[in-house]
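Dear colleague,

I am handing over the structure we spoke about, with the sequence alongside.

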Amino acid sequence: MSLFDPSSFRQALGSFATGVTVITSIDENGEPVGVTVSSFNSVSLDPPLVLWSLAKDALSLPVFKRSDYFCVHVLAASQQAISCRFASKGLDKFDGIEWTKGHANTPLLSKYAARFQCKTTHQYEGGDHIIFVGEVFEYDQDDTAPLVFHGGKYALAKAKESDEMPGDAVNVQAGTFSNQFFLYLLARAHYQATYKIQKTLRKENMCTDEYLALILFGMGGSLSIQGLHARMEHTGYVPSKEMLTNLQNRGLITEAETGDQFCLTFKGRELYICQLAKSKAIEEEILDDFSPAEVADIRNFLNRLIDKTNPGIPDFWQSDEYQMT
């Protein structure tokens with residue numbers, strides 16, 4: 001008779017952080033089978049052996065016991081939904097999931113942090129689990145953070161801080177800086193993140209200053225050229241009468257009822273909404289490989305950085321001159 005309380009024992013075991021994997025195989029009818037597993041581990045480098053275990057009451061156990069091959073997918077931090085899907089019962093787990101056929105038709109998921117195709121070499125009794133040992137004959141790795149499980153919850157794996165001191169990234173005397181120079185990283189991230197947006201603007205024959213003006217009109221309604229200037233001057237793009245005339249000639253803005261302000265036309269609002277949708281799609285594409293926790297960390301950091309460095313720049317959506325519509 002066990003002296004352990006199962007609940008507290010499970011809680012104690014949960015103190016050990018593990019990666020999350022999806023193990024796949026094929027059943028006797030040729031249908032794909034997959035299950036979420038956190039018991040994956042390495043056994044040997046020579047020969048390359050790995051192991052994992054599956055509960056004896058698992059519905060997929062007979063498939064894996066009969067199969068000669070399986071594939072281990074170490075999930076990326078952005079794949080929490082995949083982990084939950086393959087841990088569920090009564091679902092077509094592969095519905096809507098991108099996968100291809102590997103050796104012996106073993107299902108291979110298209111996204112992963114690492115992937116190991118294995119031949120089953122041993123099966124052992126392990127209490128209420130069966131332990132599978134496999135020899136790796138092919139593997140792939142993607143440079144992305146893995147999904148982690150700790151204390152009964154999903155967690156975020158973070159690399160240990162570099163030993164390089166912030167000042168080491170810039171050598172003023174030599175006139176050099178490394179790729180860890182913070183302002184370089186910030187500038188390059190901004191350039192690369194907005195590159196596709198700039199491409200969409202070129203297709204609309206729109207300059208950056210016109211795009212910024214379109215955003216400001218779209219966010220709030222009507223603005224005078226002075227109000228537009230006050231909200232754009234920090235960007236380095238100063239609005240001019242010529243720019244406003246160009247937007248008018250294209251039918252994107254018109255004079256407001258007050259006479260000294262401008263606002264979007266129906267055509268201008270349509271273009272604004274279209275560009276906003278494209279920007280949102282680009283954002284989703286950029287953040288697709290990041291976990292929700294990583295995205296939250298990025299947003300929190302950027303907001304703190306904005307607060308710390310703000311010289312008094314007004315927000316797009318806060319203005320004394322107009323009200324949100």
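Predicted model: local features only at pLDDT ≥ 70, side-chain atom pairs only at ≥ 80, totals over all residues.

**Aromatic pairs**

The count of aromatic pairs comes to 13. One of them is formed by Trp 52 and Phe 132, whose rings are stacked, with 4.7 Å from centre to centre and 15 degrees between the planes. Because Trp 52 belongs to strand E5 (residues 48-55) and Phe 132 to strand E10 (residues 129-141), this pair ties together parts that are 80 residues apart in sequence. A second stacked pair is that of Phe 116 and Tyr 139, for which the centres are 6.4 Å apart and the planes 25 degrees apart. Here too distant parts of the chain are linked, since Phe 116 sits in strand E9 (residues 114-126) and Tyr 139 in strand E10, 23 residues apart. Tyr 139, however, is exposed, its relative accessible area being 58%. Trp 52 and Phe 132 also belong to one aromatic cluster, which they form together with Phe 64 and Phe 70.

**Strand pairing**

Strand E4 (residues 41-45) and E5 run antiparallel and are joined by four bridges, with Ser 42 standing opposite Val 50 in E5, and the two strands are connected by a hairpin of two residues. Strand E6 (residues 69-74) pairs with E9, again in the antiparallel sense, over six bridges, and in this pairing Phe 70, a member of the aromatic cluster, stands opposite Cys 118 in E9. E9 in turn runs antiparallel to E10, to which twelve bridges join it. Across these two strands, Gln 123 faces Phe 132 in E10. The hairpin of E9 and E10 has two residues between the strands, and within this hairpin Gly 127 takes a positive phi near 65 degrees.

**A nonpolar surface patch**

Elsewhere on the model, Phe 182, Leu 183, Leu 186, Ile 286, Phe 290, Ile 298, Phe 301 and Leu 302 make a nonpolar surface patch of about 660 Å². Helix H4 (182-203) and helix H9 (292-309) each contribute at least two residues to the patch. Phe 301, which lies in helix H9, is partly exposed, with a relative accessible area of 40%.

**Cysteines**

How many disulfides does the count come to? The count is zero. Cys 207 is in no disulfide, and the nearest cysteine sulfur, which belongs to Cys 274, is 18 Å away; a disulfide would require the two sulfur atoms to lie within 2.5 Å. With a relative accessibility of 45%, Cys 207 counts as partly exposed, and Cys 84, at 36%, likewise counts as partly exposed.

How values were computed: Residues numbered from 1 in each chain as written. Heavy atoms only, no water. Phe/Tyr/Trp six-rings, centres within 6.5 Å; stacked < 30°, edge-to-face > 60°. Buried < 20%, exposed > 50% of the residue type's maximum accessible area, 1.4 Å probe, protein only. Patch = residues over 30% accessible without salt bridge, like charges linked within 9 Å, V, L, I, M, F, W, Y side chains within 5 Å. Areas by Shrake-Rupley, 256 points an atom, 1.4 Å probe, with all protein chains shown as cover. Salt bridge = Lys/Arg side-chain N within 4 Å of Asp/Glu carboxyl O. Pairing = 2+ DSSP bridges.
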